[in-house]
Amino acid sequence: MTLILDILTTAAILFVIATGLLTIFGVLKIINFAHGAWLTIGAYCAVAVGQLGWSPWLAFPVAFVVGAVLGGLTERFIVRPLYARPLDAILATWGLGIVVGQLITLGFGRDVQFTAPLLPGTADILGTSYSIYRLFALGAAIVIGLGFSWLMEGTRLGLSARAVIMNEALAHVLGLDTRRIRWVTFMIGCGLAGLAGVLLTPLTSVDPNMGLAWLVGSFMLVMVAGQSFAALALACLLLGGAQVLVSTFLSPILGGITVAVLAAIILRISPKGFSRV
Amino acid sequence: MKRRLLLTALAATMLAGPAMAEEPFLIGIPVGLSGANSVVAPSVVQAAELAVDEINAKGGVLGRQLKVVVADDGSGAVGAQKAFDSLVFQKNVNAIISMETSAARNAGLPIVGKGKIPYIYTSFYEGHSCSPYLYVDAWVPQQQVPPVVDYLKAEGAKSYFLIGSDYAFGRGMLEFARKYIDKTGGKVVGEEYLPMDGTDWTPIISKLKSSGADALITSTAGGAPNVTLTKQLRSAGVTIPYANLAVDEGTAKSMGADAAGILISASYITGIDSTANKDFMAALKKKFGDKARTPNDLSVPEYEGVYLYAAALKKAGTTDTRPVLKALGEVSYKGPRGTITMSKQHHAPLTMYLGQVQKDGSVKVVKSFKDVDPGDQCPNL
């Protein structure tokens with residue numbers, strides 16, 4: 001039972017972290033290597049909210065707004081001129097990630113920061129006691145996943161975004177403001193990254209480099225998933241599950257490389273990953 | 001031409017100037033101002049500066065003043081080679097006294113051997129580093145682990161689970177812990193490691209919970225991995241006695257409620273109830289004011305290391321390396337941690353303190369173990 005819960009919650013956390021990256025990759029076709037930095041920004045929003053004495057739950061909206069606003073500025077001034085040069089965009093966002101990390105170090109110091117626990121304690125599920133917070137993360141992943149399906153399938157913005165994903169030139173010719181769609185998408189992606197950063201705070205230490213460890217894993221997952229949220233959910237479940245199984249039955253050290261190795265194998269066999277799901 | 005001559009003459013007088021008075025003894029401090037040790041390094045430098053100031057205020061040693069020369073070793077081997085080279089061969093320091101990573105220490109030792117000067121290492125480490133030039137005034141596993149295990153055993157623990165970060169120090173500490181537990185009749189029911197940049201301890205925690213262990217001993221890398229593991233342990237509802245070999249008092253303090261109940265074992269805790277410690281803390285506050293860093297198990301040995309070196313100089317009555325090295329193993333200094341003598345194969349018997357983190361973040365001394373022996377570290381010295 002514990003094993004099943006471990007797999008589900010691990011997959012959920014990976015999913016929440018990777019959605020922001022996938023959103024941007026899907027529409028803009030660039031990998032935002034500053035994603036890790038945005039996770040960190042979100043986590044420091046939680047620290048700031050704690051220092052102001054506000055309720056720790058307020059960190060979620062604050063981080064989303066801060067992430068989205070900073071993301072909007074980044075898209076306008078750094079990413080937009082580089083759409084035609086995706087490789088340079090990778091370099092630019094990677095560099096931006098380093099800059100953000102250093103700015104956070106200047107503002108908050110290099111030390112590890114602390115936030116109030118959101119949901120301490122455990123709950124009993126079918127006879128096993130399990131961390132309430134990890135269960136909450138599972139719920140959060142489901143809400144975000146469903147919310148996104150609704151956004152993509154049920155709104156005008158989603159329709160436009162899907163049009164851009166399928167054929168951007170055609171969408172542009174048909175009168176869609178693709179520039180605006182890209183901008184809004186980038187903001188949402190960055191906002192989601194901020195949100196994920198807050199979600200991580202009760203599980204990890206908060207320090208200026210915290211995002212980096214998660215960036216690599218979510219990058220792998222997005223590569224495997226392609227552009228679909230369902231594929232991302234599947235990838236998280238399979239690869240995250242494999243990570244938990246390897247860690248439990250073989251060695252946690254091997255578990256640490258499971259996601260990367262499996263992603264490489266999957267892409268070797270099927271270069272499109274799970275994107276046809 | 002004439003002007004150049006004048007300049008040369010001027011330079012010569014300037015160079016000759018300080019040499020006329022007695023030159024100060026130079027103490028080289030290679031320390032990780034950047035990299036992994038950068039969080040703790042400022043407190044180490046402050047401790048050295050305070051010791052030097054105090055000694056100078058009382059007239060110095062052998063009629064000469066002491067002076068600190070700091071160099072950044074980047075917390076690693078490459079930086080340490082540069083730092084040691086420049087300190088030993090360019091600045092011509094009289095001794096090296098510093099806390100560093102093991103990699104940096106190993107890189108610096110051959111340089112110290114070539115320069116033939118004393119090197120006092122003031123960081124706890126995995127043990128068995130031996131050189132005629134090296135003295136250590138901080139703890140080794142043989143001193144830190146037994147108090148923890150003995151205490152847990154007295155509390156009724158029979159089976160233990162060990163969790164660590166996958167690197168030399170983490171594995172070294174837990175390997176020693178496992179042997180010591182076996183020797184004292186306990187049982188290790190699980191031992192797991194995660195890479196240093198690993199963030200998800202979930203499978204390990206699930207194993208811990210299903211193992212039914214009575215007590216948990218962890219030795220992760222300091223900082224982030226330590227905090228991450230502790231948070232995830234607490235959120236998984238782990239409540240068995242928990243000894244953390246790698247947490248320092250400052251981190252434990254800022255972790256707040258999550259850290260409550262954690263047992264730590266150290267040769268220095270700010271709560272040591274002695275006049276030497278209180279005077280030391282007051283002096284630090286007076287010299288650095290708001291900028292004073294909280295003293296810790298790495299900075300206090302640095303402070304005492306400077307005093308031990310001064311005492312050795314005084315006893316030897318000369319700066320010649322051989323007599324000073326001999327004296328370093330004989331002199332004692334009564335500092336914040338108690339009376340320190342590096343008499344045991346270049347290592348020091350130390351009083352170890354077992355502390356427990358309280359709900360408000362303060363660390364209470366539960367028990368102290370007087371003059372714990374470092375064991376056979378360097379039988380050939």
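How many residues of chain B are in contact with chain A, and how many of chain A with chain B? I took this up first, keeping in mind that the model is predicted.

**Entry 1: the side of chain B that touches chain A**

I found 32 residues of chain B in contact with 29 residues of chain A. Next I looked up which elements they come from. β7 (187-194), α7 (202-211), α8 (224-235) and α9 (249-255) of chain B each give two or more residues to this side. α8(B) gives the most, with seven residues. I then sorted the side of chain B that touches chain A by class. I noted 10 nonpolar, 14 polar and eight charged residues.

**Entry 2: the sheet in chain B**

I turned to the strands. Chain B has an open sheet of five strands, in the order β2-β1-β3-β4-β5. The pairing is parallel. Which strands stand at the edges? They are β2 (66-72) and β5 (134-136) of chain B. Each has a single partner strand, so one side of each is left without a neighbour in the sheet.

I followed one pair in detail. Strand β1 (residues 25-31) of chain B is joined to β2(B) by seven bridges, and the two run parallel. In this pair I picked out B:Leu26, which stands opposite B:Lys67 of β2(B).

**Entry 3: helices on the sheet**

I checked what packs on the sheet. Helix α3 (residues 77-90) of chain B does, touching β1, β2 and β3 (95-98) of chain B. The direction of α3 makes about 150° with that of β2(B). Helix α11 (residues 299-316) of chain B packs on the sheet too, and touches β1, β2, β3 and β4 (119-121) of chain B. Against β3(B), the direction of α11 makes about 155°.

**Entry 4: α2 against α11**

I stayed with α11(B) and looked up its packing with helix α2 (residues 41-57) of chain B. At what angle do the two pack? It is about 30°, with the axes 8 Å apart. Angles under 35 degrees count as roughly parallel, and α2(B) and α11(B) are therefore roughly parallel to each other. α2(B) passes α11(B) in a right-handed crossing.

I listed some of the residues in this contact. α2(B) brings, among them, B:Val44, B:Ala48, B:Ala51 and B:Ile55. From α11(B) they include B:Val300, B:Tyr303, B:Val306 and B:Ala310. By class, I noted 12 nonpolar, three polar and one charged residues in the contact of α2(B) with α11(B).

Definitions and conventions:
Residues numbered from 1 in each chain as written. Chains lettered and ligands numbered in written order. Predicted model: local features only at pLDDT ≥ 70, side-chain atom pairs only at ≥ 80, totals over all residues. Pairing = 2+ DSSP bridges. Helix = DSSP H or I, 4+ residues; strand = E, 2+ residues; numbered from the N terminus. Contact = placed C-beta atoms within 7 Å. Axes fitted to C-alpha atoms, helices over the stretch in contact; angles between N-to-C directions. Nonpolar A, V, L, I, M, F, W, Y, C, P; charged D, E, K, R; others polar. Parallel < 35°, antiparallel > 145°, perpendicular 65-115°, else oblique. Left-handed = near helix turned anticlockwise from the far one by under 90°.
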